[in-house]
Amino acid sequence: MAKVLVYLWFDVEDYITPEADEPPKRIVEILSKHNVKATAKLVGQKVRSLQKRKREDVIEALSTLDIGYHLDTHSRHPTLYEYLADKDIETGAAEFQRREEEGAAYVSHAFNRDLSCLGHPGWTWAPHVYPAMPKMRIPVYLDETSILNLNDSPYWYCNVLNLNGAGRNFINLDFFFNDPKGLQKVKRQFNQIYGRLRTKGGAISILFHVHTIVNRRFWDEVNFARGRNPAVDELVVPPRQPPEVTERAYRDFEELIKYILSFDDVDFITARDAMSIFQDPSRSLEVDRERLDMLARKSLREIRHQKIDRAYLSPAQIFCLVTKAVACYAQTNVIPDKLPVVQPLGPPSRKRTRGPRTLSMRSLLQASRIVLDTMERTGYIPSGIVVERSVLIPEDYLSTASSVLLRILHGRKLPEKVVLRRGKLAQSRYVNSQAFAKACKWQMLPENFKAPGILEQTLLQAWTLKPALPLDT
């Protein structure tokens with residue numbers, strides 16, 4: 001029987017409002033009563049505030065959940081988008097790690113465990129954080145964005161598991177209890193999603209900013225909106241919910257949990273559980289000549305992720321395999337019977353193909369060895385591949401190298417010259433530029449904020465995008 005997996009997650013972030021300390025504890029009590037798993041993403045400053053206000057009872061309650069990281073100060077400026085706006089993937093990752101490593105370590109130490117996941121504040125999802133995550137020992141990205149969506153399902157991006165971009169399978173519980181009929185609306189939404197997924201299985205993402213139980217407005221909206229950055233003694237608390245609304249929130253949340261538990265084929269999972277449920281079989285895969293032939297044929301024009309047995313390969317992995325095969329031939333006149341799968345990141349910058357479209361075969365073969373060396377040395381696909389007087393973008397290089405590889409695999413004589421082929425990265429269709437433009441209008445960002453470089457980096461790292469499937473699929 002196919003399983004429907006539910007990952008329930010809480011962003012615990014309001015470090016300004018003392019009354020917002022209580023909801024996490026009450027929510028955990030409800031979850032414990034019904035033996036339900038969940039993940040809480042903590043803001044570093046929230047943990048400090050809990051300790052300062054001597055709310056060890058709240059920390060102890062939260063410690064029964066899976067613990068992730070939600071940045072150190074969340075919305076205080078400069079926000080994530082502000083300091084990443086002009087940075088490429090490498091420098092952005094280094095800047096993110098510099099700013100956030102201490103906060104992540106603080107949360108980890110407070111709960112005496114490694115953090116399971118990371119998520120962005122507000123709408124500010126960005127690709128730059130991914131290369132920093134392994135260095136910060138954070139294995140999963142858990143949040144929601146419309147900027148990158150792969151069939152409303154979990155995916156791999158920059159070699160990190162993403163529970164992010166659930167789209168139609170996403171439920172937001174913020175303020176649902178303001179309406180006396182809100183519980184019924186959420187139940188109907190869950191039932192609709194479940195009805196779509198029950199046959200083949202799938203995952204449902206449920207978010208709850210628990211401070212909304214006591215706050216009528218978001219805590220950061222009343223302090224940091226439109227670039228405002230007040231001093232600590234100038235921070236204000238948001239307006240309070242009426243007591244009857246707060247109590248209805250707890251009551252309706254518990255009723256929702258009981259409703260979801262009534263489905264026999266629904267399992268609650270955490271971000272940490274997802275690490276074992278959604279493993280990547282390609283990491284131990286070796287590709288034989290027959291499958292290499294298939295990958296090369298399918299990369300002649302439109303470049304996309306491909307499936308081999310139970311493993312998906314990203315375009316970046318295919319790029320590396322084709323390059324490795326051609327480089328081996330360039331050096332030994334032989335292609336190995338099997339090649340291991342390697343996982344580089346996408347190119348750091350965008351270039352344009354320029355120069356003659358007719359290339360020397362000898363120069364292309366030599367270039368493949370340089371490309372392979374560059375990937376092994378840097379971990380990135382090169383942004384431009386030099387072949388004599390021409391510079392090729394990765395898409396055009398892969399399509400052209402694939403045509404050469406097919407000749408080699410089929411024992412056909414290589415000509416002295418090869419005509420450049422134009423390739424297209426189909427993964428770009430999963431990036432929503434309109435959603436990114438909307439993200440740049442997040443209330444915390446300054447008026448007329450724009451960061452086209454972040455969108456460009458998102459598209460460049462689409463080379464690494466591929467589906468994540470449960471092991472038993």
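Student: How much space lies in the largest cavity?

Tutor: This is a predicted model, in which local features need pLDDT of at least 70 and side-chain atom pairs count only at pLDDT 80 or more, while totals for chains, interfaces and linings use all residues. The structure holds four cavities of 30 Å³ or more (sets of points on a 1 Å grid over the protein atoms alone where a 1.4 Å probe fits but cannot get out, with volume taken as the space filled by probe spheres set on the points, joined across faces, edges and corners). In the largest cavity, that space comes to about 100 Å³.

Student: Which residues of the lining lie nearest the centre of the largest cavity?

Tutor: The lining (residues with an atom within 4 Å of a point) divides into nine nonpolar, two polar and two charged residues. Of the 13 residues that line the largest cavity, those nearest its centre are Gln 279, Pro 281, Arg 310, Ala 311 and Leu 469.

Student: Which residue forms a salt bridge with Asp 280?

Tutor: Residues are numbered from 1 along each chain as its sequence is written, and side-chain values use heavy atoms, with hydrogens and water left out. The count comes to 32 salt bridges (a side-chain nitrogen of Lys or Arg within 4 Å of a carboxyl oxygen of Asp or Glu). For Asp 280, the closest N and O atoms are 2.9 Å apart, and the partner is Lys 466.

Student: How many residues apart in sequence are the parts that this pair ties together?

Tutor: Asp 280 and Lys 466 are both buried (under 20% relative accessible area, with exposed over 50% and partly exposed in between, for a 1.4 Å probe and protein chains only). Asp 280 lies in the loop between α9 (271–277) and β11 (286–288), whereas Lys 466 belongs to strand β21 (residues 466–467), so the separation of the parts they tie together is 186 residues.

Student: Is Arg 297 buried or partly exposed?

Tutor: Arg 297 and Asp 293 meet in a salt bridge of 2.9 Å, N to O, and they are separated by about one helical turn because they stand four residues apart in helix α10 (residues 289–297). Asp 293 counts as buried at 12% relative accessibility. Because the relative accessibility of Arg 297 is 46%, this residue counts as partly exposed.

Student: Which residue in helix α13 does Arg 422 pair with?

Tutor: Arg 422 forms a salt bridge whose closest N and O atoms are 2.8 Å apart, the partner being Asp 396. This pair links distant parts of the chain, 26 residues apart, with Arg 422 in the loop between β19 (417–419) and β20 (424–425), and in helix α13 (residues 394–409) Asp 396.

Conventions
Helices (H or I, at least four residues) and strands (E, at least two) are DSSP runs, numbered from the N terminus. On a 1 Å grid over the protein atoms alone, a cavity is a set of points where a 1.4 Å probe fits but cannot get out, and a pocket is an open set with protein on both sides within 12 Å along at least five of seven lines; lining residues have an atom within 4 Å of a point. Ala, Val, Leu, Ile, Met, Phe, Trp, Tyr, Cys and Pro count as nonpolar, Asp, Glu, Lys and Arg as charged, and the others, Gly among them, as polar.
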